[in-house]
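Please open the structure in your viewer and keep the sequence panel beside it, so that each stop can be selected by residue number.

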Amino acid sequence: MPFTDLQRRPAAAMLFVIASIPSSVLFAQTATPTPTPTSGTVASTPPATAATTVPQPVPMNRGVVVLDPAHGGVDSGSRISDTLVEKDVTLAFAFKLRSLLTSRGFTVVMTRDSDAAFEANSPSTPLSLDDRAGIANHQRPVACLLLHATSAGSGVHLYTSDIAPTAGEPALQPWLTAQAAWVGESGKLERQIATALDRSRVVLASGNAAVRPVDSLTCPAVVVELAPSGDDPATITDTSYQQKVSEAIAGAMVFWQHQAQAPVRILPVPPPAAPAASAAATESNP
Amino acid sequence: MIQRHQRIVFWCLVVCILGMGLLLFWERQRARDRVSQLADNTPIDAPYTTTESITMDLASDDDGTITAQQRQIALPSEVTARARALLDHLAAEYAQPGSVHPLSPGAMVDDVYFVPLPVVGYSIDAGAKPSADGNTPTSLVPPDPDALQPQSPGDELAVINLRGSFVNAHPSGVEVEQLTLQSIIGTLHANLPQIEQVRFLVDGQPRETLAGHADLLRLYMVRDTTTTAAGH
């Protein structure tokens, strides 16, 4: 079935996707993080000793998507036009995307749903970029979409982190490079969204960029920067244009929900054997 | 016939005029001395006269590319002054009318510092006794194992202290901010190969982003950032 048909009929798309995926993947769509076994690495009933040595995938909530409408409050972001600032565009775009994702069965967590977002325990303190990353990381979502807007260029610009990838997620991950284990998945998510936008005939540009706080996210993370559809910057607020982009992204998320692969957790290296143990071994094997 | 009291008034006025003149002259001398004391005549950059061919990685907002272009510029030989002069020339390029990556005019950089890699430090050793000369003992802090490690010995970390006025006036947007950072990193890479990593400060303090998007907290690996063929 062509992708465009799936986008026109979201319910049919959901049925098609659910019917085509194995049941083991469906069981991972729970509110609590459930590790998805990687093929051939984890036995169905692993012994207790194996459970401590075999790397386990990082938990992932496949039904949760985090949306971060960038800026807010005193931080208005870039100026789109004389009467329009970035923070208002990102919030409006996030609301559209949230409604479409919710209708497709996702639980959507937004880092802000009003002009300004404040810390829960200090209502007068605005959320920092690190706080936003913390909100996202606590959800263990299947995708984190950082929404930005610009008057430069046209269409949609997609960016992922440009830090060097690592093979897995270590137990103690530096905050400023927490995305390293997820860079590969972020790239796959970016390509998924790019394909969907391309099929929707939205002008597209993609690349790598160091955008705060994407490097601190422990989830597949993509920066989605919305630009005007034409030469006039005012077209960025066009409802039909935003709806077309939102539907393409939401459709891509339905497919991505079952393709995402969480990286394995890198176990800490065990300390070297004690000298007494090695001495005892030497005595037993003279 | 001039009356006596009129003569007295006349000479009093003459004395006042002369007194005022002397006072004015004395105050002028004082002000001139004060200004000359405040003037900092310390030489900052080594004198340089000959121009040399350097490569500048110039950004273009039109197509989001970085292009290497040659320029004939006179630069100091001292390495930190050279780095600062390079970046100020870069800012001047972008401030010119018709620039394809327009930035507000003004100096970009306050200072550039070079730190040998790997970065080590010293911490106060609270447990040790003070030395005989009264200095507090310190112990060597080893390099952070999680930090980016140097790829070759002898390379350096460049700490670029950007001016707050430059950062505050920088246009906001993912691409435009990214292009500015890539242009800085690429220009340093092309002309100062001993720089391996770059860290940014703004007015001596860490800042999260350049203008709301590009990360200024991270450590950037210096590399060739050009995305198109070199032009002239």
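In which helix of chain A is Gln242(A) found? Keep in mind that this is a predicted model, then select residues 239–259 of chain A, which form helix H8, and you will find Gln242(A) there. Gln242(A) has a relative accessible area of 2%, and because this is under the 20% cut-off it counts as buried.

Now show what surrounds this side chain. Leaving aside neighbours within four places in sequence, Gln242(A) is in contact with Val89(A), Ala92(A), Phe93(A), Lys96(A), Leu226(A), Ile236(A) and Thr237(A).

Next, turn to the backbone of chain A. Select His71(A), in the loop between strand S1 (61–69) and strand S2 (79–81), where phi is near 70°, a positive value in a residue other than glycine. His71(A) is also buried, its relative accessible area being 5%.

Then move to Arg140(A), which is found in the loop between helix H6 (129–139) and strand S5 (141–149) of chain A. Here too phi is positive in a residue other than glycine, with a value near 50°, and at 18% relative accessibility Arg140(A) counts as buried.

Keep Arg212(A) selected and bring chain B into view, for Arg212(A) forms a salt bridge with Glu208(B), in which the closest N and O atoms are 2.8 Å apart. How many salt bridges does the rule find across the interface of chain B and chain A? There are three, and eleven residue pairs, both at pLDDT 80 or more, are in polar contact across this interface. On the side of chain B that touches chain A, the largest share, three residues, comes from helix H4 (residues 174–191) of chain B, and by class that side has four nonpolar, six polar and six charged residues.

Finally, display the whole interface, to which chain B gives 16 residues and chain A gives 18 residues. The area buried between the two chains is about 1500 Å², with carbon and sulfur atoms giving 53% of it. Select Val174(B), His213(B) and Arg218(B) to end the tour, as these supply 38% of the area that chain B buries against chain A, more than any other three residues.

Definitions and conventions
Residues are numbered from 1 along each chain as its sequence is written. Chains are lettered from A and ligands numbered from 1 in the order in which they are written. Side-chain values use heavy atoms; hydrogens and water are left out. Helices (H or I, at least four residues) and strands (E, at least two) are DSSP runs, numbered from the N terminus. Buried means under 20% relative accessible area, exposed over 50%, partly exposed in between (1.4 Å probe, protein chains only). Contact means heavy atoms within 4.5 Å. Buried area is the accessible area (1.4 Å probe) that two parts lose on being put together, summed over both. A salt bridge is a side-chain nitrogen of Lys or Arg within 4 Å of a carboxyl oxygen of Asp or Glu. A polar contact is a pair of N or O atoms within 3.5 Å; within protein, one must be able to donate a hydrogen and the other to accept it, and residues adjacent in sequence count only if both atoms are side-chain atoms. Ala, Val, Leu, Ile, Met, Phe, Trp, Tyr, Cys and Pro count as nonpolar, Asp, Glu, Lys and Arg as charged, and the others, Gly among them, as polar.
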